[in-house]
Amino acid sequence: MEDLTPTKDSLDAIEIASRDEISALQLDRLKWSLRHAYENVAHYRNSFDAAGVHPDDLNSLEDLAKFPFTVKNDLRATYPFGMFAVPRDQVRRIHASSGTTGQPTVVGYTAGDLDNWGTVVARSLRAAGLKPGDVLHNAYGYGLFTGGMGIHLGADKLGLATVPISGGMTQRQVRLIEDFGATGITVTPSYSLSIIDEYAAQGLDPRKSPLKVGIFGAEPWTNAMRLEIEDAFDMHAVDIYGLSEVMGPGVASECVETKDGLHVWEDHFYPEIIHPETGEVLPDGELGELVFTSLTKEAFPVIRYRTRDLTRLLPGTARTMRRMEKVTGRSDDMIILRGVNVFPTQIEEQLMKVRELAPHFQLELNRVGHKDEMRVKVETLPDTVELGDQAGRDLSARVKQVVGVSVKVDVTSPGGVERSQGKAVRIVDNRPKE
């Protein structure tokens with residue numbers, strides 16, 4: 001793979017500033033953000049008052065722990081615009097969640113917010129190895145979801161030629177990658193597997209594609225999946241992180257030269273790791289739930305927003321800003337199976353070690369009698385169909401040994417697992433609602 005390391009003179013000065021400089025900037029911006037939220041959003045004023053704290057109580061970064069958390073239900077309870085901190089005539093963009101699991105969450109952006117969003121996404125794309133003039137195939141969804149439009153903002157700011165393909169119509173995805181000479185692709189890791197399959201269906205070798213780097217996010221994925229994608233395309237695969245409530249894509253990103261975790265753009269977002277049950281702030285290096293406070297957002301400030309994503313904070317490497325480890329899962333996506341905590345990424349990690357199986361899978365939860373059981377639906381590769389039964393037993397044994405639960409593995413022929421057209425649906429829960 002080609003060396004895509006950005007030149008030092010192309011970086012923003014803050015990316016390689018000293019930790020003292022970064023901390024001083026964070027404290028200054030954090031004081032502004034707390035006061036902005038308190039003075040302009042009734043929810044924050046009420047929650048701060050109920051907790052007995054005031055923005056003036058923040059004298060150090062550590063003092064942030066005195067302030068209450070924000071959770072998704074707070075956003076749902078103030079639907080649609082109750083969390084906005086500016087008059088409606090200053091809002092230039094509105095995004096929202098799908099609302100499939102409850103009341104949608106709505107986020108807004110001023111012109112300044114959009115400019116900052118473009119800046120952090122441009123940094124992320126540059127950190128991944130893209131440069132002005134590159135062609136970006138943007139297969140994230142366009143619409144209320146922040147993925148497609150957020151990436152597009154940063155691509156414009158960096159000076160890329162963006163192909164706004166969105167998701168779906170996989171045959172056309174392959175054709176346009178080839179015809180337009182895309183050097184970069186932004187896409188969910190699960191949908192990239194569908195694109196790889198389509199290359200094979202068209203008799204094309206993805207290793208000969210023009211792609212040099214793929215930037216993957218919107219769902220957890222393992223380093224084993226990274227290696228699978230890199231080998232299939234002969235390109236770099238890097239991780240990008242974001243969520244609508246905090247900004248969208250571009251909150252953190254891996255650097256192509258290290259691929260050792262995602263550098264958080266700490267001049268705009270202040271990260272904490274907390275114990276998921278007690279809320280205690282944990283020191284860097286310990287695994288826990290990721291919490292973000294926005295430092296520069298005008299329309300929709302967030303104060304100590306609980307993401308439910310599980311990770312740890314680590315020192316910077318390619319950049320001075322701290323890294324977050326690849327997200328291992330979400331605390332609300334964790335499956336408790338017969339007393340054992342199971343994340344879909346743990347199943348994926350073992351699946352990737354069984355050479356006869358394709359990297360597509362889905363977990364089905366059922367209740368048989370009084371016991372819960374998990375079925376792992378997987379499929380063979382085209383040339384290993386006859387080895388499917390043994391491969392299934394191998395996967396079941398690996399999950400039992402490493403994860404600690406017994407699962408049933410259903411092995412289908414190639415194409416038997418539903419393909420992602422965006423975010424993968426990893427869990428189908430058929431258990432009765434209690």
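**The domain interface**

The centres of domain 1 and domain 2, taken over C-alpha atoms, are 27 Å apart. This is a predicted model, in which local features need pLDDT of at least 70 and side-chain atom pairs count only at pLDDT 80 or more, while totals for chains, interfaces and linings use all residues. Residues are numbered from 1 along each chain as its sequence is written, and side-chain values use heavy atoms, leaving out hydrogens and water.

The assignment for the protein chain puts 8–16 + 108–330 in domain 1 and 335–429 in domain 2; such bounds come from an automatic or database domain assignment.

How many residues are in contact between domain 1 and domain 2? On the domain 1 side there are 22, and on the domain 2 side 14, with contact meaning heavy atoms within 4.5 Å. The two domains bury about 1,400 Å² between them, and 58% of that is on carbon and sulfur atoms. Buried area here is the accessible area (1.4 Å probe) that two parts lose on being put together, summed over both.

The rule finds one salt bridge across the interface, where a salt bridge is a side-chain nitrogen of Lys or Arg within 4 Å of a carboxyl oxygen of Asp or Glu. Arg 419 and Asp 197 meet through their side chains in a salt bridge, at 3.0 Å, N to O.

Last, the elements. On the side of domain 1 that touches domain 2, helix H7 (189–201), helix H8 (223–233) and strand E15 (329–330) each give two or more residues. H7 gives the most, with five residues. Helices (H or I, at least four residues) and strands (E, at least two) are DSSP runs, numbered from the N terminus.
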